[in-house]
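User: I would like to learn how to read salt bridges and annotated sites in a protein model. Could we work through one together?

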Amino acid sequence: MAIFTGSGVAIVTPMKENGEINYEKLEELIEFQIKNGTDSIIICGTTGESSTMTEEEHSKTIKACIDVVNKRIPVIAGTGSNCTRTAVQLSRQAQKDGADGVLIVTPYYNKATQAGLKAHYTEIASNISIPVIMYNVPSRTGCKMEAATVKELFEKNENITSIKEATGDISFVADVMNYTDGKIDLYSGNDDQIVPVLSLGGKGVISVLANVVPKETHDMAASYLAGNVQESLALQMKYLSLVRSLFSEVNPIPVKKALNLMGMNVGGLRLPLTEMSAEKAAVLEQEMKKAGIL
């Protein structure tokens with residue numbers, strides 16, 4: 001059984017003015033997501049600025065999320081690292097704290113061969129018993145898993161059950177589903193491709209858009225999975241321009257700006273990320289107004 005179906009939010013990490021994590025605001029954001037039908041919380045992913053967290057902050061933030069959610073919906077902990085030992089340590093702690101699964105990005109900067117990727121994921125999976133979602137996002141990591149590698153890891157590791165596919169290549173998504181006989185739980189990692197991925201047998205989305213419109217993102221996936229393809233497609237088209245604005249600068253710069261425009265007061269970003277340019281922020285605000293959010 002899939003960890004979740006539908007819309008999982010890659011939730012932002014709110015910050016105080018001094019750059020510390022705002023755990024009270026995080027609780028508010030989680031409650032907002034649950035109230036609006038989000039099917040899963042993904043904590044400490046790319047959108048959550050995990051790359052600028054200390055290991056202590058990383059685990060503390062994951063546990064804080066687990067405690068607030070309190071088993072109402074699944075919590076998936078982003079515990080990937082380009083150091084396998086660190087990923088193992090973070091994943092074991094997340095399991096101990098009650099995470100329902102972990103999201104593991106391919107190693108970045110040092111990268112890895114396909115053999116290295118197999119060893120990396122196998123080592124992590126063998127040290128925990130909760131499900132592992134592989135995360136394939138070569139635009140960020142410079143490291144792409146081949147479909148054959150996905151197939152081998154899925155078949156040889158009982159708890160490697162899923163993949164977040166963010167190559168943006170629909171043909172590659174089709175290859176992954178074909179190689180695994182449609183058995184892998186595949187989630188779109190791109191908000192502009194939710195419906196196309198669902199059409200190939202995907203289980204849902206791990207979404208940035210859901211931070212801003214959680215109910216509508218949930219409805220987009222739920223409608224498709226219920227057989228209401230036209231309703232789902234209409235929502236995909238409605239928010240396409242907004243999605244483009246949410247990725248007009250490096251994620252999570254625009255989505256944090258969007259949440260602040262909504263009065264959510266999630267604070268700023270940790271360097272090297274900086275505030276959104278005034279020109280692109282104005283376009284984002286315009287798109288949010290067009291979508292009826294502001």
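Analyst: Let us begin with accessibility. This model is predicted.

User: Which residue forms a salt bridge with Lys 151, and how far apart are the closest N and O atoms?

Analyst: A salt bridge pairs a side-chain nitrogen of Lys or Arg with a carboxyl oxygen of Asp or Glu within 4 Å. The partner of Lys 151 is Glu 155, and their closest N and O atoms lie 2.8 Å apart. Both belong to helix α6 (residues 147–156), where a spacing of 4 residues separates them by about one helical turn.

User: Where do Lys 63 and Asp 67 lie?

Analyst: Lys 63 and Asp 67 are both in helix α2, 4 residues apart, about one turn of the helix. They form a salt bridge whose closest N and O atoms are 2.9 Å apart. Lys 63 is partly exposed at 35% relative accessibility, and Asp 67 is partly exposed at 45%.

User: Which distant parts of the chain does the pair Arg 72 and Glu 31 link?

Analyst: Arg 72 and Glu 31 form a salt bridge, with 2.8 Å between the closest N and O atoms. This pair links the loop between α2 (55–69) and β3 (75–78), which holds Arg 72, to helix α1 (residues 23–35), which holds Glu 31; the two are 41 residues apart. Arg 72 is partly exposed at 42% relative accessibility, as is Glu 31 at 30%.

User: How many salt bridges does a search of the whole structure find?

Analyst: The search finds 13 salt bridges.

User: Where does UniProt place the feature "binding site"?

Analyst: The unreviewed UniProt entry places it at Thr 47 and Ile 206.

User: Is Thr 47 buried or exposed?

Analyst: Buried means under 20% relative accessible area. Thr 47 has 2%, so this residue is buried. Thr 47 is found in the loop between β2 (40–43) and α2, and its contacts beyond four places in sequence include Ala 10, Val 208 and Asn 251. Ile 206, in strand β8 (residues 204–207), is also buried, with a relative accessible area of 2%. Among the contacts of Ile 206 beyond four places in sequence are Phe 4, Ala 10 and Tyr 187.

Notes. Residues are numbered from 1 along each chain as its sequence is written. This is a predicted model: local features need pLDDT of at least 70, side-chain atom pairs count only at pLDDT 80 or more; totals for chains, interfaces and linings use all residues. Side-chain values use heavy atoms; hydrogens and water are left out. Buried means under 20% relative accessible area, exposed over 50%, partly exposed in between (1.4 Å probe, protein chains only). UniProt positions are given in the numbering used here, feature names are shortened, and annotations may be inferred rather than shown by experiment. Contact means heavy atoms within 4.5 Å.
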